[in-house]
Amino acid sequence: MRGTKKYSHVIDTPDPGKWELAGYEAALPITEKSNPITREIDKADPAQIVQLLKDCDAEIFQEEDEALVNYKRLYSDSVLKTMMDIIAKVQEMLKEPDNTLIVLSGGGASGRLAFFMAVSFNKLLKGLGQPPQYTYIIAGGDRALVASHEGTEDSALLGIEDLNKVCEGKKKVIFFGISCGLSAPYVAGQLDFCMNNLDIFVPVLVGFNPVSMARNEKIEDFHSTFRQVAERMEKLQESHKAFILNPAVGPEGITGSSRMKGGSATKIILETLLLTAHKTVSKDSEVSEKCLLEILRTYERAHKVTYSQSKKIAALVKQAGTSLQKKAYVYMVGWHTLGIIAIMDGAECIPTFGADINDVRGFLIGDYSEMFNKEADLIAQGPKFAFSEEDFVKTILPTLTELDTVLFLFTVDDDLVEVEKLAVQVKERTSNMHAVCHATVGQYLPASLKKLFPSIISIMWPILFLEYEGNFIQRFQRELSTKWILNTVSTGAHVLKGKVFRNYMVDQKVSNSKLFGRAVSILQSLTGHSQAKCLEVLLQVIYDPEPLSEAIRGAEVSKHIAVATEKTRVVPTALLCLLRNCSAQEAHLRLDAATTIRGALDAALNAPGRKRGASKADPDENST
């Protein structure tokens, strides 16, 4: 086990990875690199899939290695110092609750996490008899919380407008802009606005690339690129007027899928620093690095505890994969915050895997009346936005079949009578129901509930003899554990369905500028063709059957995205066009004839006269 005299690891973290070598996929930022750990995940069985994703998640906690590129890691001195500096700013807000606000913001998965954490910390304040001080902003508004709505994160001006609305009348605001890849225009606009109003705002950027790897493409209708915004923040950080919190946590297990490791690292980092701030304010004590490290260590323990259940998680991956392979569905029903994690996981499968809304879908059991900024945006908006217990009972329950998988997520502290009642109803429709149950040492499930489920992943947590905030540490551990399990199950199920090639999300939606750029990158990586050629073919597929004109080629990316969002299988079609040198129509026919998308691509890459994959896009194995 590696470690330093300052910090000894709870889990065995992997040795520094190949991705940390200077030449590895040098043109790509860390968050868009292909992780060498999972290069063959598309060929893995369920047990291997769980092991590979476990190893990827462990990279979050890995130390820096000065012999390599020396990316800043979570435990780097500079990252811990930045966290301490931000905690001091949060403390100032907590000590003066009148006319101050702590705002968390992002698009897509980052926006959902912003919502999640704002809800958690307002609940903590309420338990202490204090008014709420947190709010969240998500690109696309509350409707984007429960259904994928990716395109809205491309507008910097909309980000500024939304920030202005929530901060009206506030005298001091600390703003956390979350963008895992340092790429979202929505967040760039907000950070830029904060820097123009430093008398009110303290801007904090949270992401997982060095500033030099921040996105540098022009943002439509805006004066700066994301990188220029981040560079400006770097200068302000010297005087503690702005902060960038951007440790490298390694490439995603599925290339670019920041809902996974990026989302987990966001939760770990922000909850740690916010909880440390609350703890020290309530005890009127100085911030100490020891307190910070103690909380970070609890998240490492969560990794160890969660993946001690790998065998049962693998069985669930296999079951969910079978449901998707048979064109059935995976439903996740969670109590309280575990239900929010279920909703997030399901919504994020849509852009990541080109999934149907029902393929993997989450529901929230329990009171949600105090959670949302604009609950009215979610009510009576149609089946796409249905997420409550009532929605599940009325619309999903009557349609369940034996092919569907239903996963219950709860803790022993929840209303187990309610859990049992719903489980009995589900069992009348399908026996294919499973559970993830969190308990503290000494707690047990009643036998009547236990016997309803063919399999239960029982996660037992140690008793924490801590003050009020200690209850939240345990709650945060359970949430992260559930997130890791659901990310693994939904990702593994789509891998088994053939939606992943090597470790690329080859059937992703092309629904915002980040995903558009990633689509071009995937085409380059898997075919070895030039960026210009890959862009040309991608546009041909997007606009098919309309021929490409110079006007289309010269149009803004937002126009391409508007057309692509309405289409399916854009990336695999373009891949086949490039690999087979064929038309979009022929590529569609090949996809229709194949059992899986992965199968169609594998056949094309292994066609006579081709080597498997574009080996020239891969670094020379012997050079490392």
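1. Let's start with a peptide bond in this predicted model. Pro545 sits in the loop between α17 (531–543) and α18 (550–553). The bond that joins Asp544 to Pro545 is cis, with omega at about 10°. As background, most peptide bonds are trans, and most residues other than glycine have a negative phi.

2. Glu25 has a positive phi, near 40°, although the residue is not a glycine. You'll find Glu25 in the segment before α1 (46–58). Is Glu25 buried or exposed? Its relative accessible area is 13%, under the 20% cut-off, so Glu25 counts as buried. Leu182 is the other spot: phi is near 50°, again positive in a residue other than glycine. Leu182 belongs to the loop between β3 (172–178) and α6 (185–195), and at 0% relative accessibility Leu182 is buried.

3. Five strands make an open sheet in the order β2-β1-β3-β4-β5, and the pairing is parallel. At the edges are β2 (134–138) and β5 (243–245), each of which pairs on one side only. On average, neighbouring strands of this sheet are turned by 20° against each other, direction ignored. In general, strands of a sheet pair through backbone hydrogen bonds, either parallel or antiparallel.

4. Zoom in on one pair of strands. β1 (residues 100–106) and β2 run parallel and are joined by five bridges. Which residue of β2 stands opposite Ile102? Look for Tyr134.

5. Next, the helices on this sheet. Helix α2 (residues 77–95) lies across β1, β2, β3, β4 (201–206) and β5, and runs at about 125° to β5. Helix α6 packs on the sheet too, touching β1, β2, β3 and β4. The direction of α6 makes about 150° with that of β4.

6. What about the nonpolar interior? In soluble globular proteins, nonpolar side chains tend to be buried together. Here the largest nonpolar core has 108 residues, and the members that touch the most others are Phe61, Ile86, Val90, Tyr134, Ile174, Phe176 and Leu273.

7. On to the aromatic rings. A pair of rings is described by the distance of the centres and the angle of the planes. The whole structure has 15 aromatic pairs. In one of them, Tyr331 and Phe392 have ring centres 6.4 Å apart and planes at 75°, so the pair is edge-to-face. This pair links distant parts of the chain, with Tyr331 in strand β6 (residues 330–335) and Phe392 in helix α12 (residues 389–396), 61 residues apart. Both Tyr331 and Phe392 are buried.

8. Strand β6 gives us another pair. The ring centres of Trp335 and Phe410 are 6.2 Å apart and the planes are at 80°, so these rings are edge-to-face. Again distant parts of the chain are linked: Trp335 is in strand β6 and Phe410 in strand β8 (residues 405–411), 75 residues apart. Trp335 is buried at 1% relative accessible area, and Phe410 is buried at 0%. Elsewhere, Phe121, Tyr134, Phe472 and Phe476 form one aromatic cluster.

9. Cys180 is buried, with a relative accessible area of 6%. Cys534 isn't in a disulfide either: the nearest cysteine sulfur belongs to Cys577 and is 11 Å away. At 0% relative accessibility, Cys534 is buried as well. For reference, a disulfide is a covalent bond between the sulfur atoms of two cysteines.

10. Last, a look at Glu348, which is part of helix α11 (residues 337–353). Its relative accessible area is 6%, so Glu348 counts as buried. Which residues does Glu348 contact, leaving aside its neighbours within four places in sequence? Glu348 is in contact with Ala109, Arg112 and Arg259. Along the chain, Glu348 and Tyr504 are 156 residues apart, and their C-alpha atoms are separated by 16 Å.

Conventions
Residues numbered from 1 in each chain as written. Predicted model: local features only at pLDDT ≥ 70, side-chain atom pairs only at ≥ 80, totals over all residues. Heavy atoms only, no water. Helix = DSSP H or I, 4+ residues; strand = E, 2+ residues; numbered from the N terminus. Buried < 20%, exposed > 50% of the residue type's maximum accessible area, 1.4 Å probe, protein only. Disulfide = S-S within 2.5 Å. Core = buried A, V, L, I, M, F, W, Y, C linked by side-chain atoms within 4.5 Å. Phe/Tyr/Trp six-rings, centres within 6.5 Å; stacked < 30°, edge-to-face > 60°. Contact = heavy atoms within 4.5 Å. Pairing = 2+ DSSP bridges. Axes fitted to C-alpha atoms, helices over the stretch in contact; angles between N-to-C directions.
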